[in-house]
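Open the model in a viewer and keep the selection panel at hand. The tour goes from one selection to the next and says what is there.

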Amino acid sequence: MIFAGLEKRNMRVIKGVIVLLIMLVSIAGCKKDDGISVPLRNEVNEFIWFAMEAYYYWEAEVPDLSRERYPTYNALYSFLNRFDQPESLFEHLLVEKDRFSWIVDDYEELENSFQGVSKSFGYELGLVRIATGSDDIMGYVKYVVPNGPAKNSGLERGDIFTEVNGTKLTVNNYISLLFERDSYTITLSEIRNDTISSTGEEVTLNAVELTENPIFKSQVFEIEGLKVGYLMYNQFINNNTYHEELNNVFGQFRNQSISDLVLDLRYNGGGSLTTSRILASMIYGAATVNHVLGTIVYNDNLAQFNTDLEFFDKIPVYNNDGVITSTLPMNRLSINRIFILTSGSSASASEFVIAGLMPYMDVTLIGTTTVGKNVASATLYDSEDNQKSTSLNPNHKYAIQPIISQLANSDGFSDYIDGLEPNVEVNEVDYLEDLPPIGASDEPLLAEALAIITGVARVERVNDSGREEFAGTEVMKPQNTILLDEADMPAVMREHLIRPNQ
């Protein structure tokens with residue numbers, strides 16, 4: 001079928017390589033501008049439509065992404081002009097089950113967030129319903145970033161608050177109070193005998209641009225004659241410097257001959273697929289480059305690019321264009337089981353590592369159920385091939401982060417949209433009356449892992465407090481994704497799946 005004035009996909013063999021192209025064709029062979037009588041009011045809308053039509057994983061389930069519905073530019077532009085804002089069009093093109101795609105109007109801020117750089121108050125925030133079913137919520141400090149505003153203000157893990165700028169926190173106002181301003185004052189509270197009361201102490205926080213190291217804490221415990229490695233890893237950042245630092249941590253684990261590893265991913269919302277493969281390869285040292293960690297599955301239009309992802313045996317070093325320029329020796333462990341700490345904040349790349357290791361190791365999950373994200377996204381820009389490496393449209397900074405693929409492990413397991421359930425359930429929310437520091441041997445989740453490893457049962461336990469973490473906070477985290485870096489995408493797709501000729 002030939003579309004009058006719209007491109008269609010054709011397969012060509014160029015120098016023996018099958019290349020996917022979107023080519024400009026028309027009945028008369030005319031240029032795009034010929035015969036167009038409907039002016040396009042917003043060029044961002046055109047970028048969004050063609051990018052979603054080409055890459056969106058659920059494209060076939062969205063009638064308004066069909067070229068048969070819009071066979072001409074006049075028809076397409078008439079549709080696009082219905083949406084005054086790009087955000088409205090983008091939301092319209094998403095399927096109902098899609099919880100994770102998003103759009104931004106400044107891709108530079110998005111890129112910085114993927115590198116751990118963002119405007120931040122310097123602490124990880126948790127929100128908890130004060131009682132089951134209650135609309136009243138309290139905030140608590142999960143951890144504090146070194147040298148950030150929260151640290152400088154004296155906040156510590158476990159601090160709680162129920163008021164912001166003198167207003168009680170509820171499920172209806174927490175976004176405006178906590179996420180839509182660069183400064184606020186919290187009033188600290190305390191829990192005693194299951195009763196929450198204000199201490200009257202106020203802390204004012206001002207957001208600054210902050211770089212957070214994904215390696216929050218690493219150490220080795222010597223307990224009952226065993227050496228146990230512990231690593232809290234909070235974001236999968238594709239950065240050569242952080243990869244080297246992670247490699248050094250595993251070098252220390254290997255040099256001390258740890259028998260077990262406790263990997264703390266409870267606050268890790270995801271990030272780079274490349275980095276998740278590097279971490280998994282360090283953990284499962286017995287893997288070769290022929291062992292498959294997982295599989296990427298694209299939509300029907302791109303199915304030919306479905307890819308098996310092997311373990312790495314060395315650390316790839318990338319240049320700014322996403323090209324591997326060299327490799328580094330990788331420190332890999334010799335262990336056959338791992339204990340992973342999880343929560344309702346563990347998502348995407350964290351879940352991919354968990355699922356990917358399951359066919360090869362004894363994996364024990366401790367904590368609470370994960371988010372349930374078995375899909376991956378990519379940053380798409382307004383350029384000829386939707387990548388930043390080519391000429392970008394200078395008229396705006398919009399980018400989209402749509403889901404473009406589904407992930408499965410080597411056994412084909414991908415059905416965890418409701419989250420990965422823990423083998424042992426431990427909820428740190430039950431310990432807010434006196435929450436130990438991260439890395440302390442009596443910290444509830446870590447203590448449970450150490451008890452299983454050593455065979456010495458935990459002495460201190462608490463009953464269910466009846467409180468539950470308020471999951472609404474997760475939608476506020478841009479890094480809650482698994483990001484397909486350019487290097488993860490087949491070069492033939494990255495370089496030749498292009499926008500229409502302009």
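The stops below begin with the whole chain and then move to single elements and residues.

**Whole chain.** Display everything as a cartoon, bearing in mind that this is a predicted model. The chain has 11 helices and 28 strands. Of its 502 residues, 57% count as buried. Taking contacts between residues at least 6 apart in sequence, 72% join residues at least 24 apart.

**Strand β7.** Select residues 160-164, which form strand β7, and pick out Thr 162 within it. Is Thr 162 buried or exposed? Its relative accessible area is 15%, under the 20% cut-off, so Thr 162 is buried. Now show what surrounds it, leaving aside neighbours within four places in sequence. The contacts of Thr 162 then include Ile 130, Ile 137, Met 138 and Ile 196. Thr 167, Lys 168 and Leu 169 are also in contact with Thr 162, as are Thr 187 and Ser 189.

**Strand β9.** Follow the contact from Thr 162 to Thr 187. Thr 187 is in strand β9, residues 183-192. It is buried as well, because its relative accessibility of 8% is under 20%. Leaving aside neighbours within four places in sequence, Thr 187 touches Ile 160, Phe 161, Thr 162 and Glu 163 on one stretch of chain, and Ser 198, Gly 200, Glu 201 and Glu 202 on another. Draw a distance from Thr 187 to Val 164: the two are 23 residues apart along the chain, and their C-alpha atoms are separated by 6.5 Å.

**Helix α7.** Select residues 240-255. How does the end-to-end distance of α7 agree with the span that its 16 residues should have? At 1.5 Å a residue the helix should span 22 Å, and its end C-alpha atoms are 22 Å apart, so the two agree. Colour the buried residues of α7: Tyr 242, His 243, Leu 246, Asn 247, Val 249, Phe 250, Gly 251 and Phe 253. An α-helix has 3.6 residues a turn, so residues three or four places apart point the same way. At the start of α7, a side-chain oxygen of Asn 239 comes to within 2.8 Å of the backbone nitrogen of Thr 241. Just after the helix, Ser 257 has a positive phi of about 55 degrees.

**Helices α8 and α9.** Select residues 273-283 for α8 and 349-357 for α9. Two packed helices are described by the angle between their axes and the distance between the axes. Here the angle is about 40 degrees and the axes are 10 Å apart. The crossing of α8 past α9 is right-handed. Show side chains where they meet: Leu 273, Ser 276, Arg 277, Ala 280 and Ile 283 from α8, with Ala 349, Phe 352, Val 353 and Leu 357 from α9. By class, this contact has 7 nonpolar, 1 polar and 1 charged residues.

**Ser 410.** Ser 410 lies in the loop between β25 and β26, and is partly exposed at 32% relative accessibility. Leaving aside neighbours within four places in sequence, it is in contact with Val 292, Leu 293, Gly 294, Pro 359 and Tyr 360. A polar contact of 3.4 Å joins the side chains of Ser 410 and Tyr 360.

**Helix α10.** Finish with residues 444-454, helix α10, where Pro 444 is found. Pro 444 is buried, with a relative accessible area of 1%. Tyr 431, 13 residues away in sequence, is 7.8 Å from Pro 444, C-alpha to C-alpha.

How values were computed: Residues numbered from 1 in each chain as written. Predicted model: local features only at pLDDT ≥ 70, side-chain atom pairs only at ≥ 80, totals over all residues. Heavy atoms only, no water. Axes fitted to C-alpha atoms, helices over the stretch in contact; angles between N-to-C directions. Helix = DSSP H or I, 4+ residues; strand = E, 2+ residues; numbered from the N terminus. Left-handed = near helix turned anticlockwise from the far one by under 90°. Contact = heavy atoms within 4.5 Å. Nonpolar A, V, L, I, M, F, W, Y, C, P; charged D, E, K, R; others polar. Buried < 20%, exposed > 50% of the residue type's maximum accessible area, 1.4 Å probe, protein only. Expected span 1.5 Å × (residues − 1). Polar contact = N/O pair within 3.5 Å; in protein donor to acceptor, adjacent residues only side chain to side chain.
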